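Here is a set of questions and answers about pockets in a protein model. Look at the structure first, then read on.

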Amino acid sequence: MSTGPATALRLRDFSSPPMRAFHVTWIAFFLCFFAWFATAPLLPLAREALALTQAQMDALLVASLATTIVARPVVGWICDRVGPRRTYTALLVIAAVPLLCMPLVDRYEILLALRLLNGLAGASFVVTSVHTARMFAPNCVGTASATAAGWGNLGGGVAHLVMPSLLGLVIALGADEAWGWRYATLIPGVALLAWSLVYFTFTQDLPEGDQLALTREGKYVRPPPKALLALGRDPRVWLLALQYGACFGVEIALENAATLFFRDRFALSLATAGVVAGCFGGVNIFARALGGWLGDRAGGRAGLRGRLALLAIVLTVEGAALVRLSTLQSVEGAVVVFVSIGLFVAMGAGATYAAVPLLHPKTMGAVSGWVGAGGNLGAVAAAVALGSGRMLDGSAFLTIGIGTIALAALTPIVIAIDSKATVPESEPMPLPVPADDVAE
């Protein structure tokens with residue numbers, strides 16, 4: 001029997017449909033983010049093995065981010081059409097392919113192609129957001145979504161910590177270093193395939209049941225295809241997408257480049273640089289959830305306006321920390337500020353998705369996809385800013401920091417726009433979607 005949307009996050013509950021979906025979803029997200037970043041800490045070895053140029057290294061850093069820009073809106077729309085259960089199952093299988101094919105890499109072009117395909121794993125966030133948003137009521141949707149996303153985001157940080165160890169294991173089993181980095185990625189690839197079976201078996205699309213079954217029964221009407229484009233005409237969606245790029249996008253770009261930065265700028269070992277990168281991503285264990293929880297609290301006091309105001313504050317502090325990082329010369333200071341940036345980018349991402357489900361709840365998959373794509377657009381922009389040596393002299397951090405503060409200043413524009421399409425904080429998310437209802 002359906003329990004309806006959950007009104008609280010009960011972490012010890014593994015039996016109700018909302019909490020079962022919550023736990024299976026955040027683990028799937030963790031594995032996808034691990035897969036997304038699995039090759040990043042090994043790129044220095046790829047550079048040596050394939051004799052890559054700086055331009056090729058810059059392209060590899062951007063490649064896995066660029067694909068996700070297109071994938072996220074599409075995956076969000078697919079979620080609205082067929083439900084998160086089937087969408088996530090397929091995505092887990094697809095995300096495993098580039099990792100399982102990594103032993104085939106013997107030249108730059110193959111590695112670039114696999115990095116592009118690897119970017120599809122980043123679209124997993126959209127499904128995570130949609131599935132948790134559908135399973136929880138507005139009073140706790142920010143907390144639930146941010147907690148699932150934060151714990152899943154840990155996969156990126158853990159990849160930086162674990163992949164060097166997996167490489168050591170592969171070398172201990174007989175592979176040399178020049179080829180061992182290629183074989184180390186097979187392990188997370190197999191894990192993705194295994195979890196795709198778990199996801200399909202133990203989750204359902206909605207508290208009420210399977211989305212396609214509910215559609216056949218007339219209890220759920222899928223949004224029409226034009227909903228995806230209609231949402232693109234809402235300036236609130238665009239502005240939140242840009243702001244998400246300033247927090248999540250910056251997080252992804254810095255996490256991708258962290259090992260290279262600390263190895264090349266401060267001559268840290270691969271393992272030590274990986275620890276710093278792991279700490280940067282590791283704060284997601286609480287920071288993104290904190291941003292979502294604060295968003296729910298701000299929403300309870302001032303509705304959507306309060307949620308957006310909180311996001312502006314977090315982005316401003318993040319931008320100031322990036323500006324500060326651009327001036328630091330000591331490794332100790334750089335590590336402290338770098339990890340603090342990880343705290344605020346994660347909080348900003350949580351605060352963003354405390355607001356996103358309330359914009360257009362009847363097409364939340366498409367909204368999540370649009371805003372999520374903005375995150376990856378920001379990641380690509382940040383990655384480009386970090387390239388060509390600008391990361392090492394600090395100018396990239398100054399540019400990104402000023403840009404982040406400027407985007408935070410756009411929040412009053414978002415707040416000023418009519419919010420009639422939002423869900424009142426005290427009402428549940430609507431299940432039926434009228435056939436002619438396209439993103440108001």
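The largest pocket has a volume of about 250 Å³. The model is predicted, so local features need pLDDT of at least 70 and side-chain atom pairs count only at pLDDT 80 or more, while totals for chains, interfaces and linings use all residues. Residues are numbered from 1 along each chain as its sequence is written, and side-chain values use heavy atoms, with hydrogens and water left out.

Q: What makes a set of points a pocket rather than a cavity?
A: On a 1 Å grid over the protein atoms alone, a cavity is a set of points where a 1.4 Å probe fits but cannot get out, whereas a pocket is an open set with protein on both sides within 12 Å along at least five of seven lines.

Q: What makes a residue part of the lining?
A: A lining residue has an atom within 4 Å of a point. The largest pocket has 18 of them, and Gln 54, Asp 58, Leu 386, Gly 387 and Met 391 are the closest to its centre.

Q: Which helix gives the most to the lining of the largest pocket?
A: H3 does, with five residues. A helix here is a DSSP run of H or I with at least four residues, numbered from the N terminus.

Q: What volume does the second largest pocket have?
A: Its volume is about 220 Å³, where a volume is the space filled by probe spheres set on grid points joined across faces, edges and corners. H16 gives the most to its lining, with six residues.

Terms used. Helices (H or I, at least four residues) and strands (E, at least two) are DSSP runs, numbered from the N terminus.
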